[in-house]
Amino acid sequence: MSETRIGVVGGGNMARAIIEGSVASGRFAPGAWVVAEPDPDRRDTLEGLGVGVVDHAGRLAGALSPSDPLLLAVKP
């Protein structure tokens, strides 16, 4: 497992599928992910998977280092 932290803006279906796939493959642990999601129900779902969550993207800065990757998982 990698020790890289990955920030994600948006915690919808696309983000959840990417996170679940990476965890199932053994590439990343659930705790490697930090997702910014404003919807409380989606945050609860992600927390149930063991993923770190914050309520808005501005809080990702405190959870990630400047070199950690950031995935934008929002609709255009």
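Q: What do the words buried, exposed and partly exposed mean here?
A: Buried means under 20% relative accessible area, exposed means over 50%, and partly exposed is what lies in between. The model to which these words are applied is predicted.

Q: Why is Asp55 called partly exposed?
A: Its relative accessible area is 33%. The buried class is under 20% and the exposed class over 50%, so Asp55 belongs to the class in between.

Q: What makes the pair Arg59 and Asp55 a salt bridge?
A: The closest N and O atoms of Arg59 and Asp55 are 2.6 Å apart. The cut-off is 4 Å, so the pair counts as a salt bridge. Arg59 has 47% relative accessibility and therefore counts as partly exposed.

Q: How do you know that Arg16 forms a salt bridge with Glu20?
A: Here the closest N and O atoms are 3.8 Å apart, and the limit is 4 Å, so this pair also qualifies. Both residues lie in helix H1, four residues apart, which is about one turn of the helix. Arg16 is partly exposed because its relative accessibility is 29%, and Glu20 is partly exposed because its value is 37%. A search of the whole structure finds two salt bridges.

Q: Which residues make up the largest nonpolar core, and what makes them a core?
A: There are 12 residues in this core, including Ile6, Val8, Ile19, Phe28, Trp33, Val35 and Leu46. Strand E1, helix H1 and strand E2 each give two or more residues to it. Another core, of six residues, lies apart from it and includes Val34, Ala36, Val54 and Leu60.

Q: How do the side chains of E2 point?
A: Trp33 and Val35 point one way, Val34 and Ala36 point the other way, and all are buried. In a regular strand the side chains alternate between the two faces of the sheet.

Q: What makes E1 and E2 a pair of strands?
A: Four bridges join E1 to E2. Pairing needs at least two, so the two strands pair. E1 and E2 run parallel, and Val8 has Val35 as its bridge partner in E2. The chain crosses from E1 through H1 to E2, and this β-α-β crossover is right-handed.

Q: How do you know that E2 also pairs with E3?
A: Three bridges join E2 to strand E3, and at least two are needed, so E2 and E3 pair as well. Val34 stands opposite Gly52 in E3, and Ala36 stands opposite Val54. From E2 the chain crosses through helix H2 to E3, in a right-handed β-α-β crossover.

Q: In what order do the strands form the sheet?
A: The order is E3-E2-E1-E4, an open sheet of four strands with parallel pairing.

Q: Why is one side of E3 and of E4 left without a neighbour in the sheet?
A: E3 and E4 stand at the edges and each has a single partner strand, so one side of each has no neighbour in the sheet. From one strand to the next, the twist averages 20°.

Q: Where is Pro30, and why does it count as partly exposed?
A: Pro30 is in the loop between H1 and E2. Its relative accessible area is 26%, so Pro30 counts as partly exposed. Leaving aside neighbours within four places in sequence, its contacts are Val23, Leu49, Gly50, Val51 and Gly52.

Technical notes. Residues are numbered from 1 along each chain as its sequence is written. This is a predicted model: local features need pLDDT of at least 70, side-chain atom pairs count only at pLDDT 80 or more; totals for chains, interfaces and linings use all residues. Side-chain values use heavy atoms; hydrogens and water are left out. A nonpolar core is a set of buried Ala, Val, Leu, Ile, Met, Phe, Trp, Tyr and Cys residues joined through side-chain atoms within 4.5 Å. Buried means under 20% relative accessible area, exposed over 50%, partly exposed in between (1.4 Å probe, protein chains only). A salt bridge is a side-chain nitrogen of Lys or Arg within 4 Å of a carboxyl oxygen of Asp or Glu. Contact means heavy atoms within 4.5 Å. A crossover is right-handed if, with the strands pointing away from the viewer, the path from the first strand over the helix to the second runs clockwise. Axes are lines fitted to C-alpha atoms, for helices over the stretch in contact, and angles run from 0 to 180 degrees between N-to-C directions.
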